[in-house]
Each structure stands twice: as C-alpha cells, then as structure tokens.
Amino acid sequence: MMIDPLSVFILLLGAATPILFAGLGELVVERAGVLNLGVEGMMIGGALAGFAVAHASGSTALGFLAAAIAGAALSMIFAVLTQFLLSNQVATGLALTLFGLGLTAMFGKPYEGMKAPAMMPGPLGLNWMIWLGIALVPLVWWFLARAQPGLILRAVGENHDAAHGLGYPVRRVRILAIGFGGALAGMGGAYISIATVLQWTEGMTAGAGWIALAIVVFAQWNPWGVLAGAWLFGGVTVLQLRLQAAGVAVPVQLLSMAPYLATIIVLVLISARQKFGRSGGAAAPGSLGRPFHALR
Amino acid sequence: MSNVFRAEGLGKTYPGVRANDDVSFAVEAGEIHALLGENGAGKSTLVKMIYGLVRPDEGRMALLGTPYAPHDPRAARAAGVAMVFQHFSLFDALTVAENIALGMENPPPRAELARRIAELSQGYGLPLNPARRIAALSAGERQRVEILRCLLQNPRLLIMDEPTSVLTPQEAEILFATLRQLAEAGTAILYISHKLEEIRSHCDRATILRQGKVVGTVDPRAHSARELAAMMVGAEMRLVDRSGRKPGAPVLEVRGLSTADGEGVALKDIALSLRTGEILGIGGVAGNGQEELLSALSGETATTPGTVLLEGRDLSAAGPEARRRAGLLAAPEDRLGHAAVPEFSLAENTLLTAGTRQGLIRKGLIDRKAATAFAQQVIRAFDVRTPGPGTAAGALSGGNLQKFVIGREVLGRPRALVVNQPTWGVDAGAAAAIRQALLDLAAQGAGLIVNSQDLDELLELSDRFCALNQGRLSAPRPTEGLTVEEIGLMLGGAHGMEVAHVPA
C-alpha cells in the first residue's frame, strides 16, 4: 500500500478546516466565560444555509457569507436565552443542537441530491477557506493576547463580577462573543456541504461540532492548540480513509471510529496530566458556564 | 472649598429594603474619613452609588464642587474616584500589569505601563512584579495590586472597602502608613470598616450609618469604642459574661497531625491538648490551614492512627458520623454548602449532623416530628429570625443561618466542639449572642476550639491562644495579658512588606 505524505497533508488541511473554524469560534466564546454546546446545531444550520445560497447564486463566497449569518442568527437564540433570561447554558446549548438538526432536516429536504458550485481555488491549489482558517489562528491569538478589547473579553470570562465592578459591559461582550462563535461555526459547517461533500445530506456534520468542543479543551483555550487539534483530527480522518481505500484488513467500522477515539484518548491524557502532573492548574476561564446577573 | 466629595439626601430602595435613606455627608481633602456601620447598615450600597455601580433613587452628589452623577464605574474613574474592593476584583489568570490595565481608562503601552508600575510601587514601598500572575500572589500582595491600580489614576477620592480584613496587624499598619502618605498629598480617603479600634487610631472623622440612615459624623478619637458601637447598633452593647468556667481534665488530644499536600494548605505536625471547660482560640489569616484543621478534626479528611483522641479514645480512623456519636462536633465557616444545604428546610438540615445524637433518625427512618421539634428548639434558643422550621436554609440571611448552624451544634451537647469563624458576616448583636452561647457551652464543661480572623473576638473568648500559619500551629499562650501586637508577630508578621518610603 502506498500513502503519499504530501497528498495526505493536503487532504488533512481540508478535513481540519470545519473543525478549525468551529473550534476557534467556540474558543472565543469560552474565553468570554460562556459554554455553548450548540456548536453542532449552528454548524448544520450553516451547512444548509450556505449550500442553499451557494446553489441558488452560484457563488460559494455568498454561500459562506450566508452560512456565517445563519450560524450567528442561531447563536442569538442561545444568547437571548442564556444572557437575558439566565437559562442554564448546558441545557440551552444541547437544545440548540437538537433544534438545528431538526430544523435543517425539515428545510433541507428540497436540496437533497443537488450539486454545489465549484470552490474558487486559491494559492498552492488550496481553496481560500483553508487559507482563511489558518490566517484566523494568529489573528484570534493576537486579539486575545495583545489587544485591549481581547483583554476585556478575557477579563469578563475570568471573573465577571470583577469585570462588572470595573465597569465593563459583561452581557454585551458575551453576546458579541457568542455571535462571533456562531458565525465561525456556520462557516465551518458550510465548508462540509460546499467544499467537502459537495451536496446537502441530513445530519451531515456527523459530530464535527462535538469534536470542535473537545478540541477547545484539548487546546487548553489557546488558538494554536486548536490548530494542532484540528490537524490531528483531520490527519486521523484522512489516514483512516486512506487505509480503507488501501483495503487494510481492519473492519471499516473500527477505522471510522478512529478520529473520535483519538479525540477521547487525547482528552483523557490531558485531564490525567492536569490531575497528576505539573501543568499547575487548569487553563479554563474562571467564570466559564456561570450565569451573570448584575444588581442595579 | 476643601470638600472633595459631598452627598446630599441620597436614597436607594431595593424590593423590601430601604438600603439608604436621606444620607448626607462630606469628605474633605487630605482626610481619612471612616464610614462605620454594621452589616446591612447600607455602607456597601452607599459606596456603590459613589462608584457608579448603583444609581441613587433620589439625592445629589458633588465632586470638587461640581455636580456628580456617574452612570458607570468608568465615568466615576474618569471623574477622579477610585475604589479598592473588599472582595478583590482581580483576575487570577491575568498578570499584574493586565489587571492594572483593565482598571485604567487609557492604558499606556505595556513597557511603559510596567515601568510606571515598578516606579510607583517602589515609591510607596509596595514592591510588585508586573509580569506575575495574580494566582501566585498572597492576599497582601493582591491588595497592593488593587491599590496601585487606583493610584495610577491619581484619584481625588479613594474608597477603601474593609481593606484590613485579609491582613495581619503589621500589614494593616503598613497600609495605614501608605494611606496617611496619600492623604497628606491631598487625596481624600473614604474608609469603610466595622473595626472600631482601627478607626479610632487612624481615621480623622467617622460617619456612622444605622439602618440606611446617618446617625452622625464624629471625631472617632474623642469617643470610646463602646460609644461608637452603641451608635452603630443603636443600643448599649451587652458585655459577655466569662464567669463560671473551670478548666478540667483533657478532653481532646491531637498529636502529630499532618495532612497530605492537596488543594489547600497541608497541616504540619499539629499538636494540642484541649481541656473541659476551656476555649482554645486559633488565630490566623484566612488560607493558612483553618479549613483543613476543621476537616481533619471533624473526620472529613482521613487522619493517621493515634493523632486524634477524644477522652482517651483514638478516633483517628473514625469518619464524621462516628466522631459525632462520640461527642466531637464541628461547625464549618462556609454556611451554605458546607454547614447547611441551601435547598433543604431547617428541619431537614438538623438531620445532617444531629440525626443520631438527637435520636431524629431511628432504624434508618427519619422522625420528621422530632426533627421539626429540634429545629424549633434551635430557632427559639438562638433567636433565629425565620417563619419556621419548614423554611429553606438558603432563604435565611447570613447572620440568621449562622445562628442556626452554631445552635444546632451547641444544642447537640458536644464533648468537644470545633467552630470556624463563628461570627463572620454576623451583625454585632447576633455576634454577641453567639459568643455568649459558646462561653456558656464551655461553662457547662465542653471543650471548644474557635478558629477566627477576628483577633478581638479571640481575646474576648479564649483562655489560651495559638496561631496557625501555613499549616503549622504555634505553642499555646494564655490569652491573659496578650496584646494584639504580640499576636500579629505570632501570625507571621508583615509577610515581607516594607514600610512606605517618601514617594519620588
């Protein structure tokens, strides 16, 4: 069997892109102290909206724009429920995932069997969404680590009471972060329908949103870690496909399991290191998942 | 024109509470002005209004002679008002420099900010490394960060909300030296506290609040602590009665007790001997092993054989329930969550620790009638203000729940009782009642260990005093004749702080 490393790497970049987008978005949301488990739902919403607009207009760029808007719109449901009505973030996020899957199953019916327009190729034969995803990593890192608004976002996520005490608008910062996370999740989902599968199928994100959530933890809330995690997951996905194609004598079901299994193993190793090791305390934002309510 | 800040007729109403009512007072340039009052007297609401966190319902404020109505803390800072919070408003995962930048309107570039932090911290004798993370700093150092954050804005009015509650007496002295230095440079300082001695020795004037109203503005040096307390409470303070106690035979022996390094502080080779009828006071700044000691004695943490003996019986291997049955009871400081389940009714909460001792649980079945009766007994004996035993613990105010939790253990007829922070967050009247109950319990022949950060309380209650510092317990000293300065030294002195130099 022959597996060419370069071609595997190029395929890996494609397989990693949806998770990279969704993971970076969720990272920003979590750094602002909000846990949105609705990534899967926002991704599938973006996948359908992006596919529909790209198909109707013939422009993939318009498709991704629509996907970003759809993802952000879905995230605003979560934002209103958790930030204004103070609902439980875990339950609301799960509901958003179920809602997104159900909604797209219904509205997606007419699009089944249609074909997506071709992606515009970018430099080195890689499409421009791959490049955009990679470019977002240093941008998000720079924003969080160096820019004043990023510092405020981290402060809100770290200790929302103290941030409020200093006069920062906790709720507004969080809503903006949730919207950004939704937009990136939507674009990540659309990458699957427009650039990878090239058509719409019900439930096509197949757990990518959950992998993205796991990768944020794997990354210890660091954008470069999200890139590494996305590449790791993409690599395992591509490798198992290649092994399947090469006809290795391992049951297909086991090979298909590999990416998810890899994610679980990495998460276990990281928790073990945090518990027994030297890494000196978890990197999770201090106010992650806690509701904020200011008395006026 | 020496008025830096003036409030006229400020009022604020929350649902069911008149937090502030017609509050008027003025702070002058160069003075340290104390705001004195019990918990719930409206001090916090008042300073939140000044700092723009809460908007007053009525009344006016003026800063430097011009009308002042901040709509958020940033506006307050821009106008020249800075505040050091009681519960630190710092971000653990961020560095000192980042924390300070968050408190400034227009933070300079990083290198410039680091230079200014270093310069200012040296000038005030508050050494700090701008690149360190807050999580790695001690309580005293964290407070320095808060103070520096304020000083970098050159405030005209500096508000300090109970700043000395986390400091040793020596650290507090250094803080006052810094404040005095600032006041002499013309800053007005509004100092919130309920520690009367501290206010009497360091503040120029004191405005006293009671139930949201101003009782008066006085010169604290011209009044005794008793007179100030009477103004705060609105009645003469009852003196606690220490009589009727005779230390007898040892009841609780602790020998070579150490715990493993875990989340908190490890206990290191603790030894103590508690006699019947005696109260042993343990002082220390929070986070030096108080909670760990209570857990090791109550049985929550496993202890090695031969370390905890009650009346000669080795209880080291016994769990909390077995220790309670033997007569070793404990009241932890975290009332909601550790000492009581907030969602449970008071009657159900009695079952948690008094279940078998009071016969409320028989053959594994709960006797609800007995539990309700016992809860009723605690409520009556300790004057807990609540509709009845069916009320959820979480619905009680902090002070009332504290009375209930302590009462539950005291009425459990312990042979030895360990109490952490018995009057933390409790108003002065209730605190006196709790202290009296502890003294009465000792007079009936029980041995008590009281962990507290309130040194005056320890001096008032205990027969012997030990200091707990980084998991080590000092040798006990008789309280009689012990001064606060000596206690401060036992607590570890000033933790590496230096006295302020003249600023550059």
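This is a predicted model: local features need pLDDT of at least 70, side-chain atom pairs count only at pLDDT 80 or more; totals for chains, interfaces and linings use all residues.
Figure 1. The secondary structure of chain B consists of 16 helices and 23 strands. Along the principal axes, a box of roughly 70 × 45 × 40 Å holds the C-alpha atoms of chain B. The radius of gyration of chain B is 24 Å, which agrees with the value near 23 Å that a compact globule of 504 residues would have.

**Figure 2. Domains of chain B and the contacts between them.** The domain assignment places residues 3-233 in domain 1 of chain B and residues 250-490 in domain 2 of chain B. The centres of these two domains, taken over C-alpha atoms, lie 34 Å apart. Where the domains touch, nine residues of domain 1 of chain B are in contact with 12 residues of domain 2 of chain B.

**Figure 3. Burial and contacts within chain B.** Of the 504 residues of chain B, 55% are classed as buried, that is, under 20% relative accessible area. When contacts in chain B between residues at least 6 apart in sequence are considered, 67% of them join residues at least 24 apart.

**Figure 4. Surface and charges of chain B.** Chain B carries 53 positive and 57 negative charges. The mean position of the positive charges and that of the negative charges are 4 Å apart.

Definitions and conventions: Residues are numbered from 1 along each chain as its sequence is written. Chains are lettered from A and ligands numbered from 1 in the order in which they are written. Side-chain values use heavy atoms; hydrogens and water are left out. Helices (H or I, at least four residues) and strands (E, at least two) are DSSP runs, numbered from the N terminus. The radius of gyration is taken over C-alpha atoms; the globule rule is 2.2 Å times the number of residues to the power 0.38. Buried means under 20% relative accessible area, exposed over 50%, partly exposed in between (1.4 Å probe, protein chains only). Contact means heavy atoms within 4.5 Å. Accessible areas come from the Shrake-Rupley method with a 1.4 Å probe; for residues, only the protein chains shown count as cover. Lys and Arg count as positive and Asp and Glu as negative; His and the chain ends are not counted. The place of a charge is taken as NZ of Lys, CZ of Arg, CG of Asp or CD of Glu. Domain bounds come from an automatic or database domain assignment.
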